[in-house]
Amino acid sequence: MLSSTSLVGKHIRVPRAMFLNDTMSGNDPYVNVVFERALETLKELGARIVDPADLPSAFEIYDSNNESVVLGVDFKVQFDAWFDSLVANPSDVASLADLIMFDDKNPSLEEPTNYTDQSILIEPEATTGFNASYYQSLAFDKELGAALETYALGALVLPAPGYTTIPSAIAGYPILTVSLGFYPDNVTLSSAGPNIVYPFRNPHRSLLPWNCME
(Lines give C-alpha, C1' and ligand atoms only; values in the text may rest on other atoms or scores of the structure.)
Protein backbone atom coordinates (compact mmCIF):
# COMPACT_ATOMS: atom_id res chain seq x y z
CA MET A 1 0.00 0.00 0.00
CA LEU A 2 1.30 3.45 -0.90
CA SER A 3 1.84 6.05 1.77
CA SER A 4 2.66 9.74 1.59
CA THR A 5 6.36 8.83 1.80
CA SER A 6 6.42 6.01 -0.77
CA LEU A 7 8.08 8.16 -3.44
CA VAL A 8 10.72 9.78 -1.24
CA GLY A 9 14.14 9.24 -2.81
CA LYS A 10 12.82 7.21 -5.75
CA HIS A 11 14.52 7.96 -9.08
CA ILE A 12 12.02 8.56 -11.88
CA ARG A 13 13.17 9.10 -15.44
CA VAL A 14 11.39 11.25 -18.04
CA PRO A 15 12.38 10.22 -21.60
CA ARG A 16 11.13 13.31 -23.41
CA ALA A 17 12.62 12.90 -26.91
CA MET A 18 9.91 11.89 -29.40
CA PHE A 19 7.41 10.72 -26.77
CA LEU A 20 6.50 14.25 -25.68
CA ASN A 21 6.65 15.73 -29.18
CA ASP A 22 3.02 16.41 -30.11
CA THR A 23 3.73 16.47 -33.84
CA MET A 24 5.13 12.93 -33.63
CA SER A 25 2.93 11.41 -30.93
CA GLY A 26 -0.28 12.89 -32.29
CA ASN A 27 -1.32 13.78 -28.75
CA ASP A 28 -3.59 16.65 -27.89
CA PRO A 29 -1.29 19.47 -26.61
CA TYR A 30 -3.20 19.47 -23.35
CA VAL A 31 -1.72 16.05 -22.54
CA ASN A 32 1.74 17.50 -21.94
CA VAL A 33 0.34 20.37 -19.89
CA VAL A 34 -1.23 17.98 -17.40
CA PHE A 35 1.81 15.71 -17.49
CA GLU A 36 4.09 18.57 -16.41
CA ARG A 37 1.78 19.25 -13.48
CA ALA A 38 2.00 15.59 -12.49
CA LEU A 39 5.81 15.74 -12.51
CA GLU A 40 5.67 18.64 -10.08
CA THR A 41 3.41 16.59 -7.84
CA LEU A 42 5.91 13.71 -7.90
CA LYS A 43 8.68 16.12 -6.90
CA GLU A 44 6.57 17.47 -4.04
CA LEU A 45 6.11 13.89 -2.83
CA GLY A 46 9.88 13.43 -2.65
CA ALA A 47 10.67 11.68 -5.94
CA ARG A 48 14.00 12.48 -7.61
CA ILE A 49 13.14 13.30 -11.22
CA VAL A 50 15.82 12.61 -13.87
CA ASP A 51 14.68 14.97 -16.62
CA PRO A 52 15.37 14.81 -19.46
CA ALA A 53 16.64 11.24 -19.63
CA ASP A 54 16.01 10.22 -23.21
CA LEU A 55 16.09 6.76 -24.75
CA PRO A 56 18.77 6.70 -27.48
CA SER A 57 16.47 4.69 -29.75
CA ALA A 58 13.44 6.96 -29.31
CA PHE A 59 13.33 8.17 -32.89
CA GLU A 60 14.02 4.67 -34.22
CA ILE A 61 11.00 3.50 -32.25
CA TYR A 62 8.93 6.06 -34.12
CA ASP A 63 10.05 4.68 -37.50
CA SER A 64 10.10 0.95 -36.72
CA ASN A 65 7.51 -1.83 -36.54
CA ASN A 66 9.43 -3.80 -33.91
CA GLU A 67 6.52 -3.80 -31.49
CA SER A 68 4.20 -5.32 -34.10
CA VAL A 69 6.76 -8.01 -34.97
CA VAL A 70 7.31 -9.06 -31.35
CA LEU A 71 3.66 -8.92 -30.32
CA GLY A 72 2.48 -10.71 -33.46
CA VAL A 73 4.84 -13.65 -33.00
CA ASP A 74 4.26 -13.90 -29.25
CA PHE A 75 0.50 -13.74 -29.68
CA LYS A 76 0.32 -16.56 -32.22
CA VAL A 77 2.78 -18.85 -30.42
CA GLN A 78 1.19 -18.39 -27.01
CA PHE A 79 -2.38 -18.51 -28.31
CA ASP A 80 -1.78 -21.82 -30.08
CA ALA A 81 0.04 -23.16 -27.02
CA TRP A 82 -2.98 -22.30 -24.89
CA PHE A 83 -5.22 -24.34 -27.17
CA ASP A 84 -2.77 -27.26 -26.94
CA SER A 85 -2.89 -27.09 -23.15
CA LEU A 86 -6.66 -27.53 -22.90
CA VAL A 87 -7.72 -30.76 -21.25
CA ALA A 88 -10.95 -30.67 -23.25
CA ASN A 89 -11.97 -28.58 -26.24
CA PRO A 90 -15.51 -29.23 -27.49
CA SER A 91 -15.19 -26.80 -30.40
CA ASP A 92 -13.43 -27.21 -33.72
CA VAL A 93 -11.26 -24.20 -32.89
CA ALA A 94 -7.76 -25.37 -31.97
CA SER A 95 -5.50 -22.61 -33.27
CA LEU A 96 -5.42 -18.97 -34.27
CA ALA A 97 -6.03 -20.00 -37.88
CA ASP A 98 -9.12 -21.95 -36.79
CA LEU A 99 -10.40 -18.95 -34.85
CA ILE A 100 -10.12 -16.72 -37.92
CA MET A 101 -12.10 -19.26 -39.95
CA PHE A 102 -14.71 -19.57 -37.20
CA ASP A 103 -15.19 -15.79 -37.12
CA ASP A 104 -15.65 -15.69 -40.89
CA LYS A 105 -18.24 -18.48 -40.77
CA ASN A 106 -20.20 -16.90 -37.90
CA PRO A 107 -20.56 -13.19 -38.65
CA SER A 108 -23.72 -12.84 -36.58
CA LEU A 109 -21.74 -13.89 -33.51
CA GLU A 110 -18.34 -12.39 -34.22
CA GLU A 111 -18.82 -9.25 -36.31
CA PRO A 112 -20.42 -6.47 -34.23
CA THR A 113 -21.62 -3.12 -35.47
CA ASN A 114 -18.79 -1.12 -37.07
CA TYR A 115 -16.73 -4.30 -37.55
CA THR A 116 -14.17 -3.84 -40.32
CA ASP A 117 -11.87 -6.88 -40.61
CA GLN A 118 -9.78 -9.43 -38.73
CA SER A 119 -6.41 -7.88 -39.47
CA ILE A 120 -5.57 -7.86 -35.76
CA LEU A 121 -5.67 -11.69 -35.94
CA ILE A 122 -4.62 -12.23 -39.55
CA GLU A 123 -1.34 -10.36 -39.18
CA PRO A 124 -0.12 -12.49 -36.23
CA GLU A 125 -1.25 -15.65 -38.03
CA ALA A 126 1.05 -14.73 -40.93
CA THR A 127 4.13 -14.75 -38.67
CA THR A 128 6.51 -17.72 -38.74
CA GLY A 129 7.67 -18.04 -35.15
CA PHE A 130 10.89 -17.18 -33.36
CA ASN A 131 13.01 -16.35 -36.39
CA ALA A 132 15.84 -13.86 -36.98
CA SER A 133 13.44 -10.95 -37.54
CA TYR A 134 11.77 -11.64 -34.22
CA TYR A 135 15.02 -11.68 -32.25
CA GLN A 136 16.30 -8.59 -34.03
CA SER A 137 13.14 -6.73 -33.05
CA LEU A 138 13.25 -8.11 -29.52
CA ALA A 139 16.81 -6.90 -28.97
CA PHE A 140 15.99 -3.46 -30.31
CA ASP A 141 14.74 -2.04 -27.05
CA LYS A 142 16.74 -3.86 -24.40
CA GLU A 143 18.21 -0.47 -23.56
CA LEU A 144 15.16 0.10 -21.39
CA GLY A 145 16.40 -2.47 -18.90
CA ALA A 146 19.93 -1.13 -19.11
CA ALA A 147 18.67 2.37 -18.38
CA LEU A 148 16.76 1.27 -15.30
CA GLU A 149 19.83 -0.53 -13.95
CA THR A 150 22.46 2.06 -14.92
CA TYR A 151 20.64 4.98 -13.35
CA ALA A 152 19.16 2.97 -10.45
CA LEU A 153 15.75 4.14 -11.57
CA GLY A 154 12.50 3.13 -9.98
CA ALA A 155 10.45 3.87 -13.07
CA LEU A 156 10.04 5.78 -16.31
CA VAL A 157 6.95 7.96 -16.63
CA LEU A 158 5.18 9.23 -19.75
CA PRO A 159 1.67 10.15 -20.86
CA ALA A 160 -0.12 7.00 -22.00
CA PRO A 161 -1.26 8.20 -25.46
CA GLY A 162 1.18 7.98 -28.34
CA TYR A 163 4.10 5.55 -28.53
CA THR A 164 4.79 5.09 -24.84
CA THR A 165 3.80 1.42 -24.62
CA ILE A 166 6.37 0.33 -27.22
CA PRO A 167 9.59 0.19 -25.13
CA SER A 168 8.03 -1.89 -22.36
CA ALA A 169 6.11 -4.08 -24.82
CA ILE A 170 9.27 -5.08 -26.67
CA ALA A 171 11.57 -5.37 -23.67
CA GLY A 172 8.98 -7.23 -21.60
CA TYR A 173 8.89 -4.82 -18.68
CA PRO A 174 5.71 -4.24 -16.67
CA ILE A 175 3.74 -1.09 -17.38
CA LEU A 176 1.14 0.53 -15.16
CA THR A 177 -1.48 2.96 -16.44
CA VAL A 178 -3.14 5.32 -13.98
CA SER A 179 -5.43 8.31 -14.34
CA LEU A 180 -3.59 11.55 -15.00
CA GLY A 181 -6.62 13.82 -15.12
CA PHE A 182 -9.30 14.77 -17.62
CA TYR A 183 -9.28 15.95 -21.20
CA PRO A 184 -10.93 19.31 -21.92
CA ASP A 185 -14.59 19.05 -22.91
CA ASN A 186 -13.80 20.19 -26.46
CA VAL A 187 -11.60 17.18 -27.31
CA THR A 188 -12.98 15.31 -30.33
CA LEU A 189 -13.76 11.64 -29.78
CA SER A 190 -12.52 9.11 -32.34
CA SER A 191 -13.14 5.42 -32.94
CA ALA A 192 -10.95 2.89 -31.12
CA GLY A 193 -12.80 -0.16 -32.43
CA PRO A 194 -16.37 -1.40 -32.76
CA ASN A 195 -18.59 0.59 -30.39
CA ILE A 196 -15.52 2.03 -28.63
CA VAL A 197 -14.36 5.64 -28.62
CA TYR A 198 -11.21 7.36 -27.40
CA PRO A 199 -10.66 9.30 -25.20
CA PHE A 200 -12.75 7.07 -22.94
CA ARG A 201 -15.54 8.92 -21.22
CA ASN A 202 -17.09 8.54 -17.82
CA PRO A 203 -20.55 10.15 -17.47
CA HIS A 204 -18.91 13.54 -17.00
CA ARG A 205 -15.49 13.88 -18.64
CA SER A 206 -12.87 12.09 -20.76
CA LEU A 207 -10.17 10.34 -18.76
CA LEU A 208 -6.53 11.16 -19.52
CA PRO A 209 -4.20 8.26 -18.57
CA TRP A 210 -0.44 8.09 -18.10
CA ASN A 211 2.02 5.20 -18.05
CA CYS A 212 4.63 4.15 -15.54
CA MET A 213 7.22 1.58 -16.69
CA GLU A 214 9.20 -0.18 -13.99
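This is a predicted model: local features need pLDDT of at least 70, side-chain atom pairs count only at pLDDT 80 or more; totals for chains, interfaces and linings use all residues.

A: Patches are built from residues with over 30% relative accessible area and no salt bridge, joining like charges within 9 Å and nonpolar side chains (Val, Leu, Ile, Met, Phe, Trp, Tyr) within 5 Å. A salt bridge is a side-chain nitrogen of Lys or Arg within 4 Å of a carboxyl oxygen of Asp or Glu. Accessible areas come from the Shrake-Rupley method with a 1.4 Å probe, and for residues only the protein chains shown count as cover.

Q: OK, which residues make the nonpolar surface patch?
A: Val-77, Phe-130 and Tyr-135 make it, and the patch is about 280 Å².

Q: Where does Phe-130 lie?
A: In the loop between α7 (119-125) and α8 (132-140). Helices (H or I, at least four residues) and strands (E, at least two) are DSSP runs, numbered from the N terminus.

Q: And why does Phe-130 count as partly exposed?
A: Because its relative accessibility is 43%; buried means under 20%, exposed over 50%, and partly exposed in between (1.4 Å probe, protein chains only).

Q: Switching topic: what about Ser-4?
A: Ser-4 sits in the segment before β1 (11-13), and counts as exposed because its relative accessibility is 62%.

Q: How many helices and strands overall?
A: 10 helices and 7 strands. Of the 214 residues, 36% count as buried.

Terms used: Residues are numbered from 1 along each chain as its sequence is written. Side-chain values use heavy atoms; hydrogens and water are left out.
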